[in-house]
2 protein chains.
Amino acid sequence: MSQKPSLPKGTRDFGPEQMGRRNFIFDTIRSVFRTYGFQPLETPSMENLSVLTGKYGDEGDQLLFKILNSGDFLKNADAQKLATKDSKSVLFDISEKGLRYDLTVPFARWVVMNQHAITFPFKRYQIQPVWRADRPQKGRYREFFQCDADVVGTDSLVCEADIILMINEVFEQLGITDFTIKMNHRKVLEGMAETMGAKGQEGPLCVAIDKLDKIGWEKVQEELAQRGFSPAAIQALEPFLNLDLESDTLLQKLESLMPQSEAGTTGINQLAEVLHLLKASGRTHLHLQIDPTLARGLSYYTGAIFEVKVNNVQMGSVSGGGRYDNLTGVFGLPNVSGVGISFGVDRLYDVMDELGLFPAAAHTSTQVLLAHFDAPTRLYALQAAGTLRTAGLATEVYPDLDKLKKQLNYADKKGIPYALIIGSEEMNSGNLTLKNLKSGEQNSLRLSDIPSFINTNA
Amino acid sequence: MSQKPSLPKGTRDFGPEQMGRRNFIFDTIRSVFRTYGFQPLETPSMENLSVLTGKYGDEGDQLLFKILNSGDFLKNADAQKLATKDSKSVLFDISEKGLRYDLTVPFARWVVMNQHAITFPFKRYQIQPVWRADRPQKGRYREFFQCDADVVGTDSLVCEADIILMINEVFEQLGITDFTIKMNHRKVLEGMAETMGAKGQEGPLCVAIDKLDKIGWEKVQEELAQRGFSPAAIQALEPFLNLDLESDTLLQKLESLMPQSEAGTTGINQLAEVLHLLKASGRTHLHLQIDPTLARGLSYYTGAIFEVKVNNVQMGSVSGGGRYDNLTGVFGLPNVSGVGISFGVDRLYDVMDELGLFPAAAHTSTQVLLAHFDAPTRLYALQAAGTLRTAGLATEVYPDLDKLKKQLNYADKKGIPYALIIGSEEMNSGNLTLKNLKSGEQNSLRLSDIPSFINTNA
């Protein structure tokens with residue numbers, strides 16, 4: 001019995017056209033990472049649940065895909081737990097492994113397992129899929145790709161500067177011109193809480209101000225009040241909002257707003273140092289905006305915080321990152337500081353699609369179809385194909401002895417730009433007819449001249 | 001509490017050095033597939049169990065990694081089955097999805113789901129990991145990569161010729177010179193069984209003769225007898241063995257050995273036609289050997305059968321493939337013929353490692369480290385780095401203000417070939433010192449001359 005096959009929800013196939021476009025994004029990011037000295041790492045799709053659980057909060061634990069143990073998986077399961085259908089406690093009896101949820105925890109595991117072989121500072125990039133059992137919706141998938149770059153083993157702010165330069169380079173090479181890199185610092189947020197008279201409360205403060213864009217200042221004030229901030233504290237926050245100033249001026253303003261906070265001063269000085277290093281790089285138009293209300297990843301970021309948005313497009317952040325103090329503490333290796341950035345390829349794809357930014361060449365099609373009239377001209381085509389392939393051209397010999405019209409129709413449907421039509425006359429004279437299938441233009445060429453002709457006219 | 005993290009058995013991390021080498025293999029195979037007009041496809045890591053089960057035999061069903069349903073997975077499980085710990089029947093109550101076991105079944109599913117959008121003949125390649133819950137051992141992993149190329153929707157033998165040309169091209173580009181492509185045909189095996197007086201018995205025949213290499217002719221005879229072949233039949237098989245002849249002569253010999261078998265004649269004629277097409281291609285040294293005892297994949301191959309072995313290396317086949325008549329029948333789409341080849345990257349890696357064939361350039365390291373003496377020279381280094389990166393050089397600025405010795409030690413350990421050492425004199429004069437860290441040689445160069453210097457001397 002045959003069944004109609006289907007895909008698991010939240011997952012996707014990528015056909016040739018999408019692959020060409022996705023590879024354009026991957027190749028661009030990979031090439032930028034490479035020129036900044038980052039080296040590739042790949043980790044297995046499955047990790048032991050002991051590595052994964054407890055790292056992403058309760059919600060994350062729920063969203064992990066778990067893999068059933070092989071063989072007679074119920075054999076050692078507790079009968080009482082099975083009888084009460086206690087899924088939570090049965091879980092660890094029947095499953096030891098889960099699918100990768102992000103690239104950071106596997107990287108931390110790798111650093112700990114290879115700590116004696118690694119030369120620090122260590123710069124790695126990693127481009128792999130991750131899986132989350134989230135409710136699928138527009139732009140949210142259960143299997144999606146992350147592109148991460150991290151430097152660990154140094155607290156030099158040169159790394160923060162490098163990250164901002166890399167983001168600029170990636171977006172420029174992708175052709176995205178209107179974007180903003182927001183930068184803030186954990187300690188600036190600490191200083192704000194302190195200045196509000198709510199020292200140590202930057203956690204709840206951030207949860208509330210993170211919603212500024214979505215719900216507005218009125219509602220954020222309500223939420224802050226609910227979270228126990230006093231009216232005076234809330235009033236003291238107001239000067240920090242809507243500071244639409246150039247970076248250096250903004251940092252001076254922040255300094256004047258929290259002169260008493262040691263944390264605040266440290267944060268401001270570090271941001272100023274990053275700006276200083278960036279100026280030295282000589283690169284202008286950095287699309288950089290310091291935003292003291294940027295609040296993400298407070299549970300792990302301890303220094304700089306980054307977020308990138310493409311302007312005038314309906315899409316959340318397409319990239320984010322920051323500095324963390326303690327990547328590997330949970331695996332028993334303390335004091336490994338690092339800073340990293342992650343690009344969301346699926347969102348970048350949608351943005352580029354909406355803006356029409358994919359180059360035509362991103363479509364990875366065959367470049368020349370060799371069409372023929374009969375068995376002898378097909379034999380000749382096989383030989384000609386070898387020459388064209390050696391020159392690097394993606395070349396197909398139409399495999400069947402079909403009518404020319406069918407062969408050209410095939411090329412047309414597949415978006416193959418050129419057909420080399422080989423009849424007995426062409427075969428005997430060596431003067432071959434190359435047809436541009438878009439314009440209809442035909443040229444008579446020697447085989448050896450075809451690669452340069454196509455490369456010049458592509 | 002911190003734990004010592006570990007990897008699930010049968011899985012591996014790939015650090016920078018291995019990634020460079022693996023990417024050399026992937027890039028080579030991908031580039032050959034591309035020049036033959038194959039287009040990329042990727043499918044999700046997880047498939048519905050209804051797609052996967054029943055496609056790989058009972059053993060394959062056992063080896064599938066199954067994914068536990070999300071949430072309260074026991075809720076709808078049958079209480080009686082749970083009470084008796086009947087793992088097999090509980091399975092489908094608590095798991096709907098599994099991990100990809102090979103690339104063929106997902107490709108077949110994709111073809112069926114996209115049949116109206118695909119232009120046939122369709123040529124796709126697919127390079128992705130697959131997962132099998134096999135007992136791990138040397139060279140056998142639970143997560144490993146396959147590189148497949150298939151043409152579907154045509155029975156033209158041009159495709160078989162293309163596959164042999166592609167195999168030659170891949171091995172040549174990898175630098176593997178001593179290898180053998182064995183080719184046989186399902187119908188030759190049918191003809192052999194017929195000639196032995198055991199028509200239709202090519203299945204058990206193949207199981208036995210597949211072991212010739214391992215256990216020898218004596219033991220194979222015993223096994224054939226056990227499988228019910230008569231002494232006369234076994235004797236009739238003998239002339240087909242050890243036919244160490246050039247391909248054309250061998251086919252003539254086979255013809256003379258089974259003049260009465262229609263199947264045999266068809267197989268021989270098709271093999272002869274493939275040889276004819278290969279000769280037309282003009283490519284010599286094809287490393288091709290027709291082997292009438294090559295017997296693999298009899299449960300799905302219906303035409304040509306391929307297998308590639310690297311000679312003088314202890315390793316099974318590194319590549320295999322063949323023609324199948326009915327790729328998609330199990331999903332309700334009959335009569336889709338195709339032919340494909342699969343390269344096993346993990347085995348190719350081991351072979352190349354043993355033979356010392358990886359080019360030094362496969363190690364993807366930073367090309368230049370910018371070393372400095374203090375904060376001002378580090379600022380200068382940041383600017384210089386931008387120039388070198390724009391020229392495509394993988395460049396790092398040493399991030400911390402450490403002693404020069406430590407910086408050069410870092411470059412040395414990481415295998416970075418060049419250090420650009422920037423002191424205040426160099427910074428002021430613009431005459432920079434580029435040190436080759438292997439030879440110790442130093443050159444005084446202007447910044448703008450460094451990219452071409454490094455590219456020329458690399």
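## Salt bridges and polar contacts between the chains

In this predicted model, the side chains of K123(B) and E396(A) form a salt bridge, with a nitrogen-to-oxygen distance of 4.0 Å. This pair belongs to the contact between chain A and chain B, for which the count is eight salt bridges. By class, the side of chain A that touches chain B comprises 46 nonpolar, 31 polar and 25 charged residues. Polar contacts across the interface of chain A and chain B involve 34 residue pairs, with both residues of a pair at pLDDT 80 or more.

## Extent of the interface

The size of an interface is often given as the accessible area lost when the parts come together. Between chain A and chain B about 8800 Å² is buried, and carbon and sulfur atoms account for 59% of it. To this contact chain A contributes 102 residues, and chain B likewise contributes 102 residues.

## Strand β10 of chain B

Strand β10 of chain B, which spans residues 319–324, is largely enclosed by the rest of the structure, because six of its six residues are buried. In a regular strand the side chains alternate between the two faces of the sheet. In β10(B), S319(B), G321(B) and R323(B) point one way, whereas G320(B), G322(B) and Y324(B) point the other way, and all of these are buried.

β10(B) has antiparallel pairings with two strands of chain B, being joined by five bridges to β9, residues 301–310, and by six bridges to β11, residues 338–344. Opposite G320(B) in β10(B) stands E307(B), while Y324(B) has G338(B) in β11(B) as its bridge partner.

Notes:
Residues are numbered from 1 along each chain as its sequence is written. Chains are lettered from A and ligands numbered from 1 in the order in which they are written. This is a predicted model: local features need pLDDT of at least 70, side-chain atom pairs count only at pLDDT 80 or more; totals for chains, interfaces and linings use all residues. Side-chain values use heavy atoms; hydrogens and water are left out. Contact means heavy atoms within 4.5 Å. Buried area is the accessible area (1.4 Å probe) that two parts lose on being put together, summed over both. A polar contact is a pair of N or O atoms within 3.5 Å; within protein, one must be able to donate a hydrogen and the other to accept it, and residues adjacent in sequence count only if both atoms are side-chain atoms. Ala, Val, Leu, Ile, Met, Phe, Trp, Tyr, Cys and Pro count as nonpolar, Asp, Glu, Lys and Arg as charged, and the others, Gly among them, as polar. Buried means under 20% relative accessible area, exposed over 50%, partly exposed in between (1.4 Å probe, protein chains only). Helices (H or I, at least four residues) and strands (E, at least two) are DSSP runs, numbered from the N terminus. Two strands pair if DSSP finds at least two bridges between them.
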